[in-house]
Amino acid sequence: PDPERVRLLREVAEDVAGDSSESRQLSAILYRVSDLYDEDGDTSPEEIYLNVRHIMRIKEQGGRRPEE
């Protein structure tokens, strides 16, 4: 656990979050990485990798589809 690293990563995630899908993607990825250092977090590097890969696939497919 590294509370300072969590704070910094989440602060950067908030700073880069914007209107573009790329900035939202980067923000989501940074936030997921911060979970690795969160004392209350229950995640692994593998879970983060899989989540980031999922985010990238959604982007590659043109974004999320509206729920029906």
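Start by selecting Asp38: at 22% relative accessibility it counts as partly exposed, a class that lies between buried (under 20% relative accessible area) and exposed (over 50%), using a 1.4 Å probe and protein chains only. Before you go on, keep in mind that this is a predicted model, where local features need pLDDT of at least 70 and side-chain atom pairs count only at pLDDT 80 or more, while totals for chains, interfaces and linings use all residues. Residues are numbered from 1 along each chain as its sequence is written, and side-chain values use heavy atoms, with hydrogens and water left out.

Helices here are DSSP runs (H or I, at least four residues), numbered from the N terminus. Arg10 is buried, with a relative accessible area of 16%.

**Stop two: Asp35**

Keep Arg10 in view and select Asp35. These two side chains also form a salt bridge, at 2.8 Å, N to O. Here again distant parts of the chain are linked: Asp35 belongs to helix H2 (residues 21–35) and Arg10 to helix H1, 25 residues apart. Asp35 counts as buried, at 14% relative accessibility.

**Stop three: along H2**

Which residues of H2 are buried? Colour Ser23, Gln25, Ser27, Ile29, Leu30, Ser34 and Asp35 to see them. The buried residues of H2 pack against H1 and H3, where contact means heavy atoms within 4.5 Å.

**Last stop: a pair within H1**

Finish in helix H1 (residues 3–16), where Arg7 and Glu11 are four residues apart, about one helical turn. An α-helix has 3.6 residues a turn, so residues three or four places apart point the same way. The side chains of Arg7 and Glu11 meet in a salt bridge of 2.7 Å, N to O. Are they buried or partly exposed? Arg7 is partly exposed at 40% relative accessible area, and Glu11 is partly exposed at 38%. The structure holds six salt bridges.

How values were computed. Salt bridge = Lys/Arg side-chain N within 4 Å of Asp/Glu carboxyl O. Helix = DSSP H or I, 4+ residues; strand = E, 2+ residues; numbered from the N terminus.
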